[in-house]
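Look through the sequence and the structure first.

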Amino acid sequence: MGFLDTIFGAINDLTWGWALIPFLVVLGVFFTAASGFVQFRFFKRMFNVLWGSDEDNDPTKISAREALFVSVGGRVGGGNIAGVAVAITAGGPGAVFWMWVIALIGMCTALVEATLAQLYKRTDENGDYRGGPARSIIHGLGENYRWLATIYAVCLIASFAIGFNAFQGNTVAGAALDSMQIPRLWTGIALAAVTGLIVFGGIHRIAKTADVIIPIMAIGYIGMALLVIVLNIFELPRVLWDIVANAFGWREAVGGGMGAAIAQGLRRGLFSNEAGLGSAPNVAATAYVKHPVSQGITQSFSVFIDTILICSCTAFVILLADVYTPGAEGIDGVALTQQSMVEHVGSWAQYFLTFAILLFAFSSIMYNYYLGENALTFMTQNPSAVLVLRLAIMGIVFLGAVAPGATAVFSFSDPMMGILAVVNLLALMMLFPIAMRVINDFRAQLAAGVARPVFDPAQFPDLDTDPSAWPDAPGKRAPSEAAGA
């Protein structure tokens, strides 16, 4: 174990330690500039998915909104509550500003990786769509890169399906024990049972569940934060000034000043919104949309929801309270958020926050499981493998819940995610010209007056796409329908 810890520690240092975050930032800035700030140009269209105006309501398919909520459920988690508190404690209020900056840049990266996942998605034997970076590598770069896709798939299973699900089980059990004195054993049994009920229904049941609980989760948490802001509305200008002043070193809040604010803001922002890490595109590929860029826009919106909305809610709750003292040590993480919320609205807030953590963690479990399933089906078509994975996920969640120290076994998760992100970013660099061709096709149709652009694989004969995944292509529609398009 000591040898393995050394290996994984070295991998973690090589990825998250110094190389990966600058790589993510530089690539995000490049994508933003090269695409003409596409995430801002399409910003208004992002909201269409919420009320279905850009969707086809085929009950047999995963809708764009359902795929959005599954990915939001995966992105939104402990990082939005505890992670923001850590960023503020270590980097000062200015860290929040840099979290906003990296989210706005990451929205473009998310759009590009989701567009490619949609472009290269495949229709499986059940009529569902599967895609993601592994399949984008194979069909976009060719069979010679299968080794790279396999590394990606293995790291995806190790980090998300195994390691992070153990962590989420531990989070749920710890929250239930601390606030409601429910023994870890009972929480573990209940969580494993509910997890099994959902994951054995496949992506359709996961999507339907997310479509219900994610809006409740997000609206409830944002609503609570808005209440706090309204109660402290006259303090809001001061907090906004503190965020900006500390971000640029005009007012040093912690040791390290502007440098600490930038480092913490970028790091926590990237951990939270996952833009460029290669996880969310697996879910983006499941959606039934008319054009790959449509889902790219939707996934860009999920980064906005995660960081600009929900992380900001936590930041304002903390900074509008008197619990946080710049530069002081002691209270940190979820306890800082919890005590700040209690100061604002009373002791009942700790139960609300516990409930929010439970929903955040459970939505992440569903998301993490599907990432593992998608990676597994890329490596093998044996249906027994998926059955084994589902049973294993139930066991992993239970283990993480009942054993407070069990998650130490999964210390390989962060280094595996580091390798995962490096592989994804290398693929994105090589496939970016193709993504731009697809984005320009979407733009051209909008410029020609087409309200809802449609992807036609026949217009891209050099690309290894799956024509069956695009039933709305002009050549596949009835003559009368095509004439009226």
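## Burial and the model

A residue counts as buried under 20% relative accessible area, as exposed over 50%, and as partly exposed in between. Lys290 has 17% relative accessibility, so Lys290 counts as buried. The model is predicted.

## Salt bridges

The whole structure holds nine salt bridges. In one of them, Lys290 meets Asp472, at 3.6 Å from N to O. Lys290 lies in the loop between helix 14 (281-284) and helix 15, and Asp472 in the loop between helix 19 and helix 20 (479-483), so the pair ties together parts 182 residues apart in sequence. Asp472 is buried as well, at 11% relative accessibility.

Glu373 and Arg390 form another salt bridge, at 3.3 Å from N to O. Glu373 belongs to helix 17 (residues 349-379) and Arg390 to helix 18 (residues 383-402), so this pair ties together parts that are 17 residues apart in sequence. Glu373 is buried, at 3% relative accessibility. Arg390 is buried too, with a relative accessible area of 16%. Both residues belong to a network of salt bridges that also links Asp124 and Arg130.

What about a pair that is not buried? Arg238 bridges to Glu235, and the closest N and O atoms are 2.7 Å apart. Arg238 is partly exposed, at 37% relative accessibility. Glu235 is partly exposed, with a relative accessible area of 36%.

## Aromatic pairs

How many aromatic pairs does the structure hold? There are 16. In one, the ring centres of Phe42 and Phe442 are 5.3 Å apart and the planes stand at 80 degrees, so the pair is edge-to-face. Phe42 sits in the loop between helix 3 (38-41) and helix 4 (43-46), and Phe442 in helix 19 (residues 413-447), so the pair ties together parts that are 400 residues apart in sequence. Phe42 is buried, with a relative accessible area of 6%. Phe442 is buried at 0%.

Phe43 pairs with Phe304: the ring centres are 5.2 Å apart and the planes are at 70 degrees, so this pair is also edge-to-face. Phe43 is in helix 4 and Phe304 in helix 15 (residues 292-319), so the pair ties together parts that are 261 residues apart in sequence. Is Phe43 buried or partly exposed? Phe43 is partly exposed, at 26% relative accessibility. Phe304 is buried, at 13%. Ring pairs also bring in Phe47 and Phe301, which form a cluster with Phe43 and Phe304.

## A lysine over two rings

Over which rings does the charged end of Lys121 sit? One is the ring of Tyr129, with the charged end 4.1 Å from the ring centre. Another is the ring of Trp470, at 4.4 Å from the ring centre.

## A nonpolar surface patch

Met180, Ile182, Leu185, Trp186, Ile189, Trp348 and Tyr351 make a nonpolar surface patch of about 720 Å². Helix 10 (residues 184-199) gives the largest share of the patch, three residues. Trp186 is found in helix 10. Its relative accessible area is 55%, over the 50% cut-off, so Trp186 is exposed.

Definitions and conventions
Residues are numbered from 1 along each chain as its sequence is written. This is a predicted model: local features need pLDDT of at least 70, side-chain atom pairs count only at pLDDT 80 or more; totals for chains, interfaces and linings use all residues. Side-chain values use heavy atoms; hydrogens and water are left out. Patches are made of residues with over 30% relative accessible area and no salt bridge: like charges are joined within 9 Å, nonpolar side chains (Val, Leu, Ile, Met, Phe, Trp, Tyr) within 5 Å. Accessible areas come from the Shrake-Rupley method with a 1.4 Å probe; for residues, only the protein chains shown count as cover. A salt bridge is a side-chain nitrogen of Lys or Arg within 4 Å of a carboxyl oxygen of Asp or Glu. Helices (H or I, at least four residues) and strands (E, at least two) are DSSP runs, numbered from the N terminus. Buried means under 20% relative accessible area, exposed over 50%, partly exposed in between (1.4 Å probe, protein chains only). Rings of Phe, Tyr and Trp (its six-membered ring) pair if their centres lie within 6.5 Å; planes under 30 degrees apart count as stacked, over 60 as edge-to-face and the rest as tilted. A charge sits over a ring if NZ of Lys or CZ of Arg is within 6 Å of the ring centre and within 35 degrees of the ring normal.
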